[in-house]
Amino acid sequence: MPPVPVDLLLVRHGQSEWNALGRWQGQADPPLSELGRRQAAHAATALGAVDAIIASDLERAHHTAAVISEALGIGPVLVDPRLRERHAGEWQGLTRGEIEERWPGYLDEHRRPPGWEPDSDLLIRAVAAIDDVVEQVGDGTVLIITHGGLIYAVEQSFGAPFERIGNLVGRWLTVDGARRSLGERLELVDPAAASTPGQI
């Protein structure tokens with residue numbers, strides 16, 4: 001019997017307190033801001049039916065998923081640490097201004113600091129997590145609450161151009177056996193409450 005396609009919606013978490021302050025997060029674990037909690041509540045009303053919800057273990061993603069899960073009555077939220085944001089090395093916790101002061105020219109030249117997790121490593125763990133999700137779920141539609149860096153890495157692996165992604169904006173990915181196809185982006189946030197972190 002041929003495999004059944006699984007539709008995955010990879011969504012960036014709601015605004016965190018560090019998003020609001022312009023601080024690079026990486027795998028640091030600041031909580032959602034008040035705006036981020038409102039964004040998550042609105043996202044639940046904008047979503048269609050989903051069969052499962054899976055999240056990164058970082059607070060900002062897991063809390064976003066929990067708000068949506070409770071509103072939709074779907075759960076429990078499954079947690080996978082491989083869906084974490086990229087480790088940002090020595091830039092974690094810093095603003096763009098602080099980075100420019102300590103590493104002049106790095107941002108403009110797309111250079112990265114010691115400890116930065118390369119795209120190849122990030123993509124390996126992201127794909128492994130996605131494959132396991134597909135195996136666990138079998139079919140249907142899955143909401144994955146993750147992070148901007150991971151979504152960018154997946155998009156770029158399909159040749160999609162870089163475009164900043166806002167909080168509670170997602171990208172469709174369909175897995176059909178060995179075939180994967182990248183779909184459109186989907187905004188789940190109220191335009192009046194939209195936020196797009198500019199750290200990267």
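**Reading the sheet, the helices and the loops**

Modeller: Six strands make up an open sheet here, in the order β3-β2-β4-β1-β5-β6, and their pairing is mixed. The edge strands are β3 and β6, each of which pairs on one side only. Please keep in mind that this is a predicted model.

Biologist: What holds the strands of a sheet together in general, and how many bridges join β1 to β4?

Modeller: Strands of a sheet pair through backbone hydrogen bonds, and the pairing is either parallel or antiparallel. In this model, strand β1 (residues 6-12) runs parallel to β4, and seven bridges join the two. Within β4, Thr 141 is the residue that stands opposite Asp 7.

Biologist: In which sense does strand β2 pair with β4, and which residue of β4 stands opposite Ala 52?

Modeller: Strand β2 (residues 52-55) pairs with β4 in the parallel sense, over four bridges. Ala 52 faces Val 142 of β4.

Biologist: In which sense do β5 and β6 pair?

Modeller: β5 and β6 pair in the antiparallel sense, over seven bridges.

Biologist: Is Thr 141 buried or exposed?

Modeller: A residue counts as buried when its relative accessible area is under 20%. Thr 141 has a relative accessibility of 17%, so it is buried. Thr 141 lies in strand β4, a strand that is mostly covered, with six of its seven residues buried. Leaving aside residues up to four places away in sequence, Thr 141 touches Asp 7, Ala 49, Val 50, Asp 51, Ala 52 and Trp 172.

Biologist: How should I read a helix, and how many residues of α6 are buried?

Modeller: An α-helix has 3.6 residues a turn, so residues three or four places apart point the same way. In this model α6 is mostly covered, with eight of its ten residues buried. Among them are Leu 150, Ile 151, Tyr 152 and Val 154. The buried residues of α6 pack against β1, α5 (119-137), β4, β5 and β6 (179-187).

Biologist: At what angle do α5 and α6 pack?

Modeller: The two helices, α5 and α6, pack at about 90°, and their axes are 9 Å apart. Angles of 65 to 115 degrees count as roughly perpendicular, so α5 is roughly perpendicular to α6. The residues of this contact divide into seven nonpolar, three polar and two charged. On the α5 side they include Leu 122, Leu 123 and Ile 130, which belong to the set that meets residues of α6 such as Leu 150, Ala 153 and Val 154.

Biologist: What should I look for in the backbone of the loops?

Modeller: Most residues other than glycine have a negative phi, and most peptide bonds are trans. The peptide bond from Gly 75 to Pro 76 is cis, with omega near 0°. Pro 76 is placed in the loop between α3 (59-72) and β3 (78-79).

Biologist: What is the phi of His 110, and what is that of Leu 168?

Modeller: His 110 is not a glycine, and its phi is positive, near 55°. Leu 168, likewise not a glycine, has a positive phi of about 60°. His 110 sits in the loop between α4 (96-102) and α5, and with a relative accessible area of 63% it is exposed. Leu 168 is in the loop between α6 and β5, and at 0% relative accessibility it is buried. There is also a glycine to note: Gly 159 follows α6 and has a positive phi, near 85°.

Biologist: Which residues does Asn 167 touch?

Modeller: Asn 167 is in the loop between α6 (148-157) and β5 (169-176), and it is buried, with a relative accessible area of 0%. Not counting residues up to four places away in sequence, Asn 167 touches Arg 12, His 13, Gly 14, Gln 15, Asn 19, Gln 39, Val 189, Ser 195, Thr 196 and Pro 197. A polar atom of the Asn 167 side chain lies 3.1 Å from the backbone oxygen of His 13.

How values were computed: Residues numbered from 1 in each chain as written. Predicted model: local features only at pLDDT ≥ 70, side-chain atom pairs only at ≥ 80, totals over all residues. Heavy atoms only, no water. Buried < 20%, exposed > 50% of the residue type's maximum accessible area, 1.4 Å probe, protein only. Polar contact = N/O pair within 3.5 Å; in protein donor to acceptor, adjacent residues only side chain to side chain. Contact = heavy atoms within 4.5 Å. Pairing = 2+ DSSP bridges. Axes fitted to C-alpha atoms, helices over the stretch in contact; angles between N-to-C directions. Parallel < 35°, antiparallel > 145°, perpendicular 65-115°, else oblique. Nonpolar A, V, L, I, M, F, W, Y, C, P; charged D, E, K, R; others polar.
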